[in-house]
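Hi,

Here is the structure I said I'd pass on. Have a look at it first, and my notes come after.

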Amino acid sequence: MSFLKSFTVAKKGRINIRIYRWMSLFCINFLFFLSYRFDLQLLEGTLSGSRFLGFHLIDPFISIQMFLAHYNLHINLIIGTLTILVFYFIVGGRAFCSWVCPYGFLSEIGEKIHTVLVKKKIVQSHEFNYKIKYLFWIFFLFLAFFAGYLVFEIINPVGILSRAIVYGWSFALIIVAVLFLIELFFVRRFWCRYICPLGTTYGFLGRISLVKMKRNSECNHCGECSKVCLVPHVLSESKKEAISGDCTLCGRCMEVCHKNAIGFDIKIKELI
Ligand code: SF4
Ligand code: SF4
């Protein structure tokens with residue numbers, strides 16, 4: 001019960017952003033499911049490529065792979081990719097990870113269980129240098145280029161889960177299960193932190209996007225936020241007030257900060 005409670009109830013007086021994130025995630029993925037099952041034509045396809053009310057939406061990393069594999073991009077692919085890039089430029093690059101991605105949700109649950117297991121000294125957590133994800137990003141693009149097809153999509157847990165939500169069970173879910181087990185017993189947020197090229201691509205966009213987390217002068221660098229952060233390097237490395245790039249805008253740092261020293265900074269206000 002207390003485990004469940006720690007998932008859903010924010011400390012007294014603090015906003016529980018997780019509820020809003022999960023609602024967003026659930027609604028988007030459920031809309032994919034409903035559109036397919038009842039032919040609603042609202043949000044057709046999967047997170048890899050879809051149409052929202054007829055407008056094409058394509059994951060940017062898929063488009064880069066497509067270009068490298070086939071040396072051309074269909075006009076709908078370009079439009080769909082640009083639409084997604086503009087959207088995440090406005091709402092924050094890696095907002096996709098915390099507010100949309102179904103594997104992000106699963107991984108967050110795994111992280112919670114992993115933390116409990118580590119506290120009880122049942123398992124040990126292993127850490128790596130987060131920069132290896134840039135090597136994986138290049139590696140998967142090389143694979144697309146040399147193989148002439150999207151090799152990464154075979155193991156991409158985001159695509160696998162999104163397809164499973166819409167079309168139902170497939171054997172590819174075994175890959176997701178294996179990743180989940182690695183995250184439970186060995187490495188906290190293994191896929192999201194060290195491998196996922198989708199997150200890395202959105203992270204590039206996050207460097208220039210209009211919504212970011214920002215610290216104010218109340219921050220006494222106690223480090224509580226780093227403990228809950230999916231990508232703690234963004235907090236420990238940030239010399240500036242605005243936290244950029246890899247931040248997933250999950251708001252967990254904001255929930256735990258006892259000084260209310262961190263929050264969303266929305267530059268859209270300044271643009272209007
Ligand atoms: S890093 Fe990848 S798998 Fe993790 S939440 Fe982001 S897009 Fe999803
Ligand atoms: S800095 Fe805060 S909002 Fe960004 S990923 Fe870390 S905990 Fe989430």
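Predicted model: local features only at pLDDT ≥ 70, side-chain atom pairs only at ≥ 80, totals over all residues.

Residues are numbered from 1 along each chain as written, chains are lettered from A and ligands numbered from 1 in the order written, and side-chain values use heavy atoms, leaving out hydrogens and water.

Ligand 1 first: the residues around it (a heavy atom within 4 Å) include R94, C97, C101, C192 and C196. Helices α5 (95–99), α6 (102–119), α11 (190–194) and α12 (197–206) each give two or more residues to that shell; helices here are DSSP runs of H or I, at least four residues, and strands are runs of E, at least two.

R94 also forms a salt bridge with D246, with the closest N and O atoms 3.7 Å apart (the rule: a side-chain nitrogen of Lys or Arg within 4 Å of a carboxyl oxygen of Asp or Glu). R94 is in the loop between α4 and α5 and D246 in the loop between β5 (242–243) and α15 (252–256), so the pair ties together parts 152 residues apart in sequence. The count by this rule is 10 salt bridges.

Around ligand 2 you'll find, among others, C229, C247, C250 and C253. Its shell has nine nonpolar residues, two polar and no charged (Ala, Val, Leu, Ile, Met, Phe, Trp, Tyr, Cys and Pro count as nonpolar, Asp, Glu, Lys and Arg as charged, the others, Gly among them, as polar). The ligand 1 shell has nine nonpolar, two polar and one charged.

Cheers
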